[in-house]
Amino acid sequence: MYLFFPIMMFGMIVTQMGQAGASAERIFEILDAKSDIVDKPDAIKLPPVKGNVKFENVTFRYFGGGEPVLNNVSFEANAGETIALLGATGSGKTTIINLLPRFYDPSEGKITIDGYDLRDVTLDSLRSQIGIVLQETTLFSGTIRENIAFGKPDATQREIEAAAQAAAAHDFITSFPDGYNTHVGERGQTLSGGQKQRVAIARALLLNPRILILDDSTSSVDLTTEAQIQKALDTLMQGRTSFVIAQRISTVMNADKIIVLDKGQIVAQGKHAELMEEEPIYAEIYNSQLLPETHSIQG
Ligand SMILES: Nc1ncnc2c1ncn2[C@@H]1O[C@H](COP(=O)(O)OP(=O)(O)OP(=O)(O)O)[C@@H](O)[C@H]1O
Ligand SMILES: [Mg+2]
């Protein structure tokens, strides 16, 4: 027995070491991975833009030889317009949005902002002009103030409060004992989904970008909060070129252009009234997928 157990244990340890070695190799592969998207050696700084965005025959594959996820997508967004993206799950809405801040480059075709090809400008100068508010927002550990001022560390308290007020976040922030110095994240106060979303809206407002990316679905929040978030989003979108993954009727009604995607292709684009009349696929999505407008809350 004294001999048998150690030998058995030894056998187990040897297999486990093999597994651990393979796992460690994969972890180091990820740590060492370099982003495919880098600045060109002669990349220029994107000057402050007006926000004319143009997709020209953009085809995109996530993998070299794979099926194209976007197929010959062309559309134009004029400065200040709201573009609603609509389509079934997997139709390519998120993919279109990922191409704008250059998380990926198109496989074919090009995307321009004010005539600048995105591949010719530096990532910093591009991404600093695009605000992003998604449904699932992650805040980092730190105070609420730091989270709002993330894109603009030198913002004054007055600017931060003004942004929070416009984002309908000021009231819940000041209801915490520590106010704007409340810690969030792992060891701090936990914020609800709706509260996080409003902090993200305040952050985007403070950054004051010309181009906005939004997912207008609100997390599971009560009606009052939802109406507040909708109002904050409307404020945020004013005067900016906004791309919205539309989940709600009010968004498509107010959009300057609706883009209907199906399996990576644009099957229709235009305004709500035209599409309703001329495009059965739009009418179908409108009736089956969009959420009704929330009732506005008095007071
Ligand atoms: N990182 C990825 N790698 C490979 N394929 C992907 C990746 N992300 C998405 N896809 C594929 O690309 C297609 C389009 O996905 P996308 O996320 O753009 O759809 P979506 O319109 O945003 O859908 P949803 O409404 O569900 O969010 C899908 O077929 C999806 O499987
Ligand atoms: Mg998506």
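Me: In which sense do β9 and β10 pair, and over how many bridges?

Reply: Two strands are said to pair if DSSP finds at least two bridges between them. Strands (E, at least two residues) and helices (H or I, at least four) are DSSP runs, numbered from the N terminus. Here β9 and β10 are parallel and share five bridges. I211 stands opposite T241 in β10. This is a predicted model, in which local features need pLDDT of at least 70 and side-chain atom pairs count only at pLDDT 80 or more, while totals for chains, interfaces and linings use all residues. Residues are numbered from 1 along each chain as its sequence is written, and chains are lettered from A and ligands numbered from 1 in the order in which they are written.

Me: What is the strand order of the open sheet?

Reply: The six strands follow the order β6-β9-β10-β3-β11-β12, and the pairing is mixed. At the edges are β6 (130-133) and β12 (265-270), each of which pairs on one side only. From one strand to the next the twist averages 20 degrees. β6 is parallel to β9 (residues 211-215), with four bridges between them, and I132 has I213 in β9 as its bridge partner. β3 and β10 also run parallel, joined by four bridges; there A84 stands opposite V244 in β10.

Me: How many residues of β10 are buried?

Reply: A residue is buried if 20 or more other C-beta atoms lie within 10 Å of its own, exposed if 12 or fewer, and partly exposed in between, with C-beta atoms placed from the backbone. In β10 (residues 241-245), five of five residues are buried. T241, F243 and I245 point one way, S242 and V244 the other way. Over the 299 residues of the chain, 34% count as buried.

Me: Which residues touch the most other members of the largest nonpolar core?

Reply: A nonpolar core is a set of buried Ala, Val, Leu, Ile, Met, Phe, Trp, Tyr and Cys residues joined through C-beta atoms within 7 Å. The largest one has 69 residues, and A84, L85, L86, I148, A167, I201 and A202 touch the most other members. Helix α7 (residues 193-207) supplies the largest share, eight residues.

Me: Which residues is I148 in contact with, leaving aside its neighbours within four places in sequence?

Reply: Contact means that two C-beta atoms, placed from the backbone, lie within 7 Å. For I148 the partners are I160, A163, A164, V199, A202, R203 and L206.

Me: At what angle does helix α11 run to β11?

Reply: Axes are lines fitted to C-alpha atoms, for helices over the stretch in contact, and angles run from 0 to 180 degrees between N-to-C directions. Helix α11 (residues 280-289) runs at about 95 degrees to β11 (257-262), and lies across β3 (82-87) and β12 as well.

Me: Where are the domains of the chain?

Reply: Domain bounds come from an automatic or database domain assignment. Domain 1 covers 1-33 and domain 2 covers 53-289. Their centres, taken over C-alpha atoms, are 45 Å apart.

Me: Which elements have the lowest and the highest mean pLDDT?

Reply: pLDDT is the predictor's confidence in each residue, from 0 to 100. Helix α8 (residues 223-237) has the lowest mean, 80, and strand β1 (residues 53-60) the highest, 96. The chain averages 88, and 95% of the residues score at least 70. Over residues 295-299 pLDDT stays under 50. Where pLDDT is low, the predicted coordinates should not be read in detail.
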